[in-house]
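Okay, thanks for coming, everyone.

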Amino acid sequence: MISVNNVSMRYGAKILFEDVGTVFQSGRRYGLTGPNGAGKSTFMKILTGELDSQKGNVTRPRRVGVLSQDQFAFDAYRVIDTVIMGNRPLWAALEERDRLYEKLDMTDEDGMRLGELEGIVAENDGYTAESDAAILLDGLDIPEALHEKKMSELQGGQKVRVLLAQALFGGPDALLLDEPTNHLDLESIHWLQDFLNRYQGTLIVISHDRHFLNSVTTHTADIDYQTIITYTGGYDDMVMAKTQIRSRLEAQNAQREKKIEQLNEFIARFSAGTRSSQVMSRKKEVERLESKELARSNIARPFIRFDMKRPSGRHALEIKGISKGYPGVEVIQNFTASISRGEKVGIIGRNGAGKTTIMRSLLTGMPGSDYEPFAVDAGLAEWGHEVQIGYFPQDPRATIQPNMTLLDWLQQWDPMAGIEELRGVLGQMLFARDEALKPTQALSGGEVARLMFCKLMLLKPNVLVFDEPTNHLDLESINALNIALQKFEGTLFLVTHDHDLLEETATRIWHIDANGLEDFRGNYEDYQTELAKRAK
């Protein structure tokens with residue numbers, strides 16, 4: 001159990017949350033939600049003890065598992081040891097025990113201490129620690145060949161999975177996970193869902209993956225209205241309940257504002273007249289009402305809509321025998337497919353399987369393409385008549401020139417567009433009027449993604465090629481993107497690890513693994529059913 005008592009946090013005039021008092025019960029799994037900037041990560045750091053609140057305190061259990069955000073902190077250690085460090089008392093005992101065993105002349109005191117340490121190791125299941133850690137790593141797709149390597153030898157995505165295993169190791173009484181699904185493929189996410197659903201302690205998790213939250217959480221702690229309100233159920237349950245509460249709170253705010261307006265009208269009319277006592281009374285009433293800052297929702301919903309200037313021809317893409325590999329690895333082998341206008345292809349596979357390679361192989365066939373050159377080994381991709389492609393790369397920041405304002409960067413894609421039209425598109429993606437002059441190098445990850453959507457909405461292509469577009473987006477933005485892609489009348493190629501986005505948009509699945517690239521004509525749910533049949 002984690003108890004939060006009268007915790008407050010603000011930055012300057014901005015209040016994140018004030019006088020929060022709540023209890024996170026053992027055996028319950030909480031999703032911590034709120035839009036970007038609401039204070040989710042700040043609140044999580046207060047819960048872990050990494051950050052002190054400006055007011056109030058937090059009571060925690062003895063053993064808390066925390067997902068480390070520093071990918072480089074354990075570079076000097078073996079992967080398997082990094083996981084075991086998740087149980088701090090065990091790791092400290094193992095280190096001290098090893099130092100004592102290395103001594104040439106061991107004293108009686110050393111012998112007694114060794115006995116105590118062996119007791120700590122046994123109490124913490126230390127004799128099976130390496131095998132237990134290996135099970136966690138295997139579930140998170142870290143192969144046995146990497147378990148003995150140094151953390152410095154791993155790629156960024158692999159490091160994140162090892163740090164997740166570290167947080168899960170040793171059966172902590174509470175788990176605090178900030179974006180645990182980042183850099184995980186769908187198979188790893190499903191494994192993590194199953195693991196957390198069996199977890200018996202207190203779980204608090206921040207995630208922008210709606211399906212993950214609905215699958216794992218039993219309660220939702222939502223940061224809004226400068227406080228934290230806990231709802232029973234997953235994310236969708238919270239949204240339904242919150243809609244009712246928000247309507248009531250905003251109606252109360254509207255009534256107070258109307259009352260203040262009426263009082264100010266009376267004061268303006270009679271301040272110079274004979275009704276001075278009534279005027280003074282109303283001034284005091286206004287001061288009383290205004291002294292309480294009106295709590296407002298911090299939810300902001302972008303409006304995403306992908307229109308087309310004109311449709312493409314009936315046949316959007318013909319892939320003829322494409323092969324692409326790297327030294328020692330064949331990614332795509334003689335792949336042939338025909339894509340009709342309006343089809344929506346979801347591309348799935350484990351991390352590193354070659355999903356981005358597929359995307360880049362397709363783009364090389366686009367006549368007049370200004371995308372990064374990428375040569376295939378054999379075959380070709382022939383795009384159809386009138387095809388216009390809108391590309392969202394895995395790292396969109398690399399495509400945005402620095403030292404430009406958002407307005408100037410966006411205008412270069414349509415020099416004929418007027419300033420008001422550009423500001424309107426930026427406004428749809430939550431860039432207020434003054435933010436249109438913000439320098440591009442100052443953008444956050446979520447802002448970079450929203451600026452890319454502005455570009456695509458301005459260009460109005462008839463084919464969208466999206467490589468993990470939900471990275472850095474909050475739930476509101478992901479939901480808006482989901483709806484926009486469902487309504488998009490053109491052709492879509494989509495790499496995503498977001499279960500709901502894939503399930504609700506894709507009409508065709510390409511699955512890449514060690515056996516090659518499979519083309520399944522049907523949605524993701526149908527494909528999962530087909531895989532289950534094959535497994536029997």
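Before we start, one term: when I say polar contact, I mean a pair of N or O atoms within 3.5 Å, and within protein one of them must be able to donate a hydrogen and the other to accept it. And keep in mind that this is a predicted model.

So, first stop, arginine 508. You'll find arginine 508 in strand E17, which covers residues 508-513. Is arginine 508 buried or exposed? Its relative accessible area is 1%, so arginine 508 counts as buried, since the cut-off for buried is under 20%.

What does its side chain sit by? A polar atom of the arginine 508 side chain is 3.0 Å from the backbone oxygen of serine 338. Ser338 is also on the list of residues that arginine 508 contacts once you set aside neighbours within four places in sequence. That list includes Ile339, Glu343 and Lys344, and also Asp519, Phe520 and Arg521. As for aspartate 526, it comes 18 residues away along the chain from arginine 508, and their C-alpha atoms are 9.6 Å apart.

Okay, second stop, a sheet. This one is open, with six strands in the order E5-E6-E7-E3-E8-E9, and the pairing is mixed. At the edges you've got strand E5 (64-66) and strand E9 (227-232), each pairing on one side only. On average, neighbouring strands here are turned by 20° against each other, ignoring direction.

Let's zoom in on one end. Strand E8, residues 219-224, runs antiparallel to E9, and six bridges join them. If you want a pair to look for, threonine 220 sits opposite tyrosine 231 in E9.

Terms used:
Residues numbered from 1 in each chain as written. Predicted model: local features only at pLDDT ≥ 70, side-chain atom pairs only at ≥ 80, totals over all residues. Heavy atoms only, no water. Helix = DSSP H or I, 4+ residues; strand = E, 2+ residues; numbered from the N terminus. Buried < 20%, exposed > 50% of the residue type's maximum accessible area, 1.4 Å probe, protein only. Contact = heavy atoms within 4.5 Å. Pairing = 2+ DSSP bridges. Axes fitted to C-alpha atoms, helices over the stretch in contact; angles between N-to-C directions.
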